[in-house]
Amino acid sequence: MLENYFPVLVFILVGLGFGVAPVILGRVLAPYRPDGEKLSPYECGFEAFEDARMKFDVRYYLIAILFILFDLEIAFLFPWATVFQEFIAAGELAWFVFGSVMVFLAILVIGYIVEWKNGALDWE
Amino acid sequence: MEFKTFVFYFLAVILVFAALRVITARNPVHAALYLVLAFFNASGIWLLLQAEFLAITLVMVYVGAVMVLFLFVVMMLDINLDRLRQGFWSYLPVGSLIGVLMAVEMAMVLGGRYFGLDAMPAPPDPQAGYSNTRELGRVLYTDYVYPFELASLVLLVAMVAAVALTLRKRKGTKYINPSEQVAVKREGRVELVKMPAEKD
Amino acid sequence: MNFVVPDFYPAAAEIFVAIMALVVMLASTFARGVRWLAYALTQFTLIAAAFVTIYTLKGDVSYTFSNLFIGDLLGDLLKLLIYFSMAIALLYGRGYLADRNIDKPEYYVLALLMTLGMMVMVTANHMLPLYIGLEMMSLGLYAMVAFDRDSARSTEAGMKYFVLGALASGLLLYGMSMIYGATGSLEFSGIANAVYHQAANKTVLLFGIVFLMAGISFKLGVVPFHMWVPDVYQGAPSAVTLIIATAPKLAAFAMAVRLLIWGLFDVAEQWQSMLMFVAVLSIILGNLAAIAQTNLKRMLAYSGISHMGFMLLGLLSGVVEGDRHYALNAYSSAMFYAVSYVIMSLASFGMIILLSRAGFEADSIDDFKGLNKRSPWFAAMMMFVMFSMAGIPFFIGFFAKLSVLQAVVAAGYLWIAIIAVVMSVIGAFYYLRVVKVMYFDPPVDPAPIHAPAELRVLLSANGLAIAALGLAPQALMSVCAYALLASL
């Protein structure tokens with residue numbers, strides 16, 4: 001069965017090549033003469049005020065966690081996409097399966113409405 | 001060595017290396033990126049086991065979403081590593097002793113004798129056209145419809161909890177409401193006042 | 001595919017609570033200004049769910065959702081007790097939350113979804129819903145513990161609870177997967193079947209049980225997985241501590257019973273010996289550590305550890321050398337213990353809430369000094385609770401202790417019974433100390449108590465119930481025994 005993944009392997013290799021080759025080429029072909037001034041962080045010509053690694057706002061976290069939740073929701077829909085045709089062909093259970101997925105979606109849509117109304121998606 | 005076995009060992013070695021780096025890397029952002037590498041290799045191993053759906057989910061959910069969260073959290077917390085590492089060396093002997101003991105015990109119990117190929121026979125080879133995702137779909141929305149719906153409620157709990165804990169309205173934030181801006185009329189902004197002409 | 005559309009009737013209460021949780025969410029969002037709405041709807045839901053449960057009550061055992069769901073008398077009884085204790089806990093906590101400005105509607109939405117999680121745990125016939133229910137309950141609890149965002153303690157407690165809880169969930173899942181590996185089934189009857197026919201690999205099974213036990217012990221809060229209990233009890237807002245100390249204990253009891261008795265009854269002697277270790281250590285550590293506490297919430301946390309240890313005494317004396325005659329008695333004594341602990345816990349944390357005001361936590365033992373001068377009636381109520389927790393006759397706690405001790409002695413573990421009795425005598429010291437400061441010390445703050453009328457009335461009823469059930473414990477005991485008998 002592994003040969004089925006040959007295109008994926010080719011894809012990964014080509015992708016890696018595209019990502020890595022320019023970096024290497026740039027390093028090999030371009031002139032490279034660093035000095036202290038060139039390597040220091042550029043801040044409009046001033047000396048750097050503070051560390052570049054500053055704290056992120058907690059709201060990024062909220063965005064990320066909401067993203068995970070809806071990402072998971074999508075993951076639950078993939079199997080549905082693959083089998084729904086089969087259920088329709090078999091007849092009797094199509095509506096049940098459709099209903100179960102719709103209930104699943106409805107619950108999360110209610111969550112979405114609530115968080116939207118409460119301003120969790122606003123960025124003040 | 002069969003090619004499949006080679007692929008397995010290839011992925012497994014990178015996985016173990018990446019997992020080790022996750023806990024040994026000094027920079028937490030690097031640790032998180034090594035975790036991404038570990039997830040990729042784990043999903044490759046799952047592909048070898050023909051668990052395609054899980055493999056894709058791992059990449060999509062963990063690499064795509066959970067790692068974003070991890071990176072945000074790592075950046076949000078502003079971890080001071082030197083303070084975290086205090087006491088590391090003094091705890092190391094006890095910690096490693098216990099760790100090694102547990103590993104040995106688990107290896108004794110869970111070794112090949114009980115989990116070997118003869119104890120757990122391999123599942124029959126799937127027929128042509130077998131799809132792991134489709135097999136899951138056949139039972140997920142029928143036999144397992146109860147936990148499926150509950151899963152959405154668990155996601156809802158997480159959503160409510162996240163909003164309740166992190167969403168705080170700041171007082172005194174000034175921001176623009178575009179719909180109010182657009183809806184503004186002349187009357188709301190300009191007031192014409194009658195006044196007697198000033199003599200000069 | 002031989003799937004039939006499931007019968008939703010046995011799960012009517014679960015479906016009702018789920019729908020109502022969504023309704024509360026929407027209603028409180030679209031009527032944000034109406035502050036009482038979320039609370040009122042939540043209380044309505046809990047009461048109505050009790051009626052739904054009673055209406056759909058059946059004497060026999062029914063399965064639905066492809067055997068993932070079990071509807072039996074044990075589940076129904078525990079569900080009723082969960083609604084009851086959640087409703088009382090929310091009522092007690094309402095004024096407390098309003099004083100601290102944390103009575104947001106999300107609190108009640110989480111409380112309802114948590115209730116649903118516990119209901120799912122109680123009616124699970126399969127590892128999957130059991131685990132999902134547990135997570136639903138725990139996620140809600142973690143958030144509620146950290147709900148007071150302005151208090152560093154509350155946030156820290158939430159964080160601790162979350163990290164340790166996630167670890168315990170991981171251990172539990174690990175155990176479940178090993179048991180699945182050994183028996184080839186996630187359904188409790190399937191596991192029982194494989195164990196009975198000795199089809200399961202003994203070593204792997206045993207290892208799985210060890211991990212399961214770790215998960216259960218964490219959720220019950222017993223030694224050696226008790227580290228979170230005092231910190232979380234102390235750090236959480238008292239209204240949330242009240243919730244943690246009550247309904248989830250019933251759900252954790254149900255989880256233990258379903259996993260161990262429904263699934264692994266035929267290897268009872270293996271898990272009994274593990275429980276023995278856990279229970280004896282909990283009783284010893286809980287009682288000794290409680291003596292040193294000056295914070296009442298912390299003291300009650302340690303006393304809770306020892307109480308859960310006592311409850312486990314009932315679970316571990318079911319089977320003696322293959323003889324199962326004692327099982328029903330032993331298990332119903334454990335259930336009786338869990339129920340009476342919940343009733344006492346409600347009253348004890350209710351008292352802390354009663355004495356607290358905006359900006360002031362009455363969680364130190366000194367805050368109870370001279371309570372008799374400020375309010376003789378509530379001093380008497382607190383005395384009832386402390387006497388009952390100490391196991392002084394004739395309060396409900398005494399009969400709870402007596403019945404588990406009888407079970408332990410019947411199972412032939414005389415040494416455990418002796419340790420338990422000695423430890424509860426030692427434990428009586430710190431309960432009586434609270435009574436002593438109430439009656440013999442001058443009050444620090446002589447102001448009379450201000451509290452909403454419904455809190456006063458219900459707390460009085462709660463205290464009186466402890467005394468009244470102590471006078472007639474037989475009814476509750478036989479209900480527990482009957483529910484188990486009809487379900488096993």
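This is a short walk through a predicted model, chain by chain.

Okay, some housekeeping. Residues are numbered from 1 along each chain as its sequence is written, and chains are lettered from A, with ligands numbered from 1, in the order in which they are written. Since the model is predicted, local features need pLDDT of at least 70 and side-chain atom pairs count only at pLDDT 80 or more, while totals for chains, interfaces and linings use all residues.

Let's start with chain A and with confidence. pLDDT is the predictor's confidence in each residue, from 0 to 100. Chain A has a mean pLDDT of 85, and 94% of its residues reach 70 or more. When I say helix or strand, I mean DSSP runs numbered from the N terminus: H or I with at least four residues for helices, E with at least two for strands.

Chain A is split into domain 1 (2-47) and domain 2 (58-117); those bounds come from an automatic or database domain assignment. The C-alpha centres of these two domains of chain A are 38 Å apart.

On to chain B. It has ten helices and zero strands. Buried residues make up 24% of its 200 residues. Buried here means 20 or more other C-beta atoms within 10 Å of the residue's own; exposed means 12 or fewer, partly exposed is in between, and the C-beta atoms are placed from the backbone. The domain assignment of chain B gives domain 1 (1-79) and domain 2 (131-165), and their centres, taken over C-alpha atoms, are separated by 24 Å.

Have a look at helix 2 of chain B, residues 28-48. Its 21 residues reach 30 Å from first C-alpha to last, close to the 30 Å expected at 1.5 Å a residue. That expected span is 1.5 Å times one less than the number of residues. Its buried residues include B:Leu35, B:Phe39 and B:Trp46. What do the buried residues of helix 2 of chain B pack against? They pack against helix 1 and helix 3 of chain B. Just after helix 2, B:Gln50 takes a positive phi of about 65 degrees.

So how do the chains meet? Two residues are in contact if their C-beta atoms, placed from the backbone, lie within 7 Å. By that rule, 45 residues of chain B are in contact with 38 residues of chain A. On the chain B side, helix 1 (3-24), helix 3 (52-77), helix 7 (132-140) and helix 8 (145-166) each supply at least two residues. That side divides into 29 nonpolar, ten polar and six charged residues. For those classes, Ala, Val, Leu, Ile, Met, Phe, Trp, Tyr, Cys and Pro count as nonpolar, Asp, Glu, Lys and Arg as charged, and the others, Gly among them, as polar.

Chains A and C touch too: the contact takes seven residues from chain A and six from chain C. Leaving aside neighbours within four places in sequence, C:Leu26 is in contact with A:Ile110 and A:Val114. C:Leu26 is partly exposed, because 14 other C-beta atoms lie within 10 Å.

Now the inside. A nonpolar core is a set of buried Ala, Val, Leu, Ile, Met, Phe, Trp, Tyr and Cys residues joined through C-beta atoms within 7 Å. The largest one has 253 residues, and among those touching the most other members are B:Val157, C:Leu110 and C:Val145. Helix 14 (residues 327-355) of chain C gives the most to this core, with 21 residues. Helix 14 of chain C is largely enclosed by the rest of the structure, because 27 of its 29 residues are buried. Helix 11 of chain C is mostly covered as well, with 17 of its 17 residues buried.

Last, some backbone details in chain C. Most residues other than glycine have a negative phi, and most peptide bonds are trans. The peptide bond from C:Val223 to C:Pro224 is cis, with omega near 0 degrees, and C:Pro224 is in the loop between helix 8 (202-220) and helix 9 (228-235). Another cis bond joins C:Pro393 and C:Phe394, with omega about -5 degrees. C:Asn101 has a positive phi near 60 degrees. Why does C:Asn101 count as exposed? Because it has 10 C-beta neighbours inside 10 Å.
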